[in-house]
Amino acid sequence: MALTVRLVDISASGVLLSSPQKMQIGQRAHLQLTLSGEPLNVEVEVRRVADGGAEALGRNRYRLGAVFVSPDDMARRSVQHFLRDDVS
């Protein structure tokens with residue numbers, strides 16, 4: 001099942017996502033996104049779930065804190081490059 005989420009925040013070890021669907025702590029998913037033009041394809045594991053409130057259109061959202069699970073070198077480089085560029 002594919003699920004469209006919004007990236008709220010990213011660090012070297014994981015992400016904070018906004019999702020229309022609640023996930024369970026410990027649940028794993030494959031995350032695909034583009035950071036500064038570079039693809040990021042990595043498995044994540046949900047570590048935190050919180051009610052994210054309602055959007056402007058009244059749909060409920062959830063905040064999902066997730067860590068990267070064994071990211072490969074390409075994934076690590078993509079995240080590091082994005083974070084380095086974001087700080088500059």
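Q: How many helices and strands are in the protein chain?
A: The protein chain has one helix and five strands; helices (H or I, at least four residues) and strands (E, at least two) are DSSP runs, numbered from the N terminus. The model is a predicted one, in which local features need pLDDT of at least 70 and side-chain atom pairs count only at pLDDT 80 or more, while totals for chains, interfaces and linings use all residues. Residues are numbered from 1 along each chain as its sequence is written, and side-chain values use heavy atoms, with hydrogens and water left out.

Q: What pattern does the chain follow along the sequence?
A: The pattern is β-β-β-β-β-α.

Q: What percentage of the residues is buried?
A: Of the 88 residues in the protein chain, 30% are buried. Buried means under 20% relative accessible area, exposed means over 50%, and partly exposed lies in between (1.4 Å probe, protein chains only).

Q: Which residues have the most contacts inside the largest nonpolar core?
A: They are Ile 10, Val 15, Leu 40, Val 42 and Phe 68, in a core of 16 residues. A nonpolar core is a set of buried Ala, Val, Leu, Ile, Met, Phe, Trp, Tyr and Cys residues joined through side-chain atoms within 4.5 Å.

Q: What is Val 15 in contact with?
A: Leaving aside neighbours within four places in sequence, Val 15 is in contact with Leu 7, Asp 9, Ile 10, Leu 31, Leu 64, Gly 65, Ala 66 and Phe 68. Contact means heavy atoms within 4.5 Å.

Q: Moving to strand 2, are its faces covered or open?
A: Both faces of strand 2 are covered. Gly 14, Leu 16 and Ser 18 are buried on one side, and Val 15, Leu 17 and Ser 19 are buried on the other. In a regular strand the side chains alternate between the two faces of the sheet.

Q: How many bridges join strand 1 to strand 2, and are they parallel or antiparallel?
A: Strand 1 (residues 6-10) and strand 2 run antiparallel and are joined by four bridges; two strands pair if DSSP finds at least two bridges between them. Asp 9 has Leu 16 of strand 2 as its bridge partner, and a hairpin of three residues joins strand 1 to strand 2.

Q: How many bridges pair strand 2 with strand 5?
A: Six bridges pair strand 2 with strand 5 in the antiparallel sense. Gly 65 in strand 5 stands opposite Leu 16.

Q: A change of topic: how many salt bridges are there?
A: The count comes to four salt bridges, a salt bridge being a side-chain nitrogen of Lys or Arg within 4 Å of a carboxyl oxygen of Asp or Glu.

Q: Which residues are linked in a network of them?
A: Arg 28, Glu 43, Glu 45 and Arg 47 are linked in a network of salt bridges. The side chains of Arg 28 and Glu 45 meet in one of them (3.0 Å, N to O). This pair links distant parts of the chain, with Arg 28 in strand 3 and Glu 45 in strand 4, 17 residues apart. Arg 47 also forms a salt bridge with Glu 45, with the closest N and O atoms 3.3 Å apart.

Q: Is Glu 45 buried or exposed?
A: Glu 45 is buried, with a relative accessible area of 15%, whereas Arg 28 is partly exposed at 44%.

Q: Where do Asp 73 and Arg 76 lie?
A: Both lie in helix 1, three residues apart, about one turn of the helix. Asp 73 is partly exposed at 47% relative accessible area, and Arg 76 is partly exposed at 37%.

Q: What is Ser 78 in contact with?
A: Apart from neighbours within four places in sequence, Ser 78 is in contact with Leu 35, Glu 38, Pro 39 and Leu 40. Ser 78 is found in helix 1 and is buried, with a relative accessible area of 3%. A polar atom of the Ser 78 side chain lies 3.3 Å from the backbone oxygen of Pro 39.

Q: Which loop holds Ser 70?
A: Ser 70 is found in the loop between strand 5 and helix 1. Its phi is near 45°, a positive value in a residue other than glycine, and Ser 70 is exposed, with a relative accessible area of 69%.

Key
A polar contact is a pair of N or O atoms within 3.5 Å; within protein, one must be able to donate a hydrogen and the other to accept it, and residues adjacent in sequence count only if both atoms are side-chain atoms.
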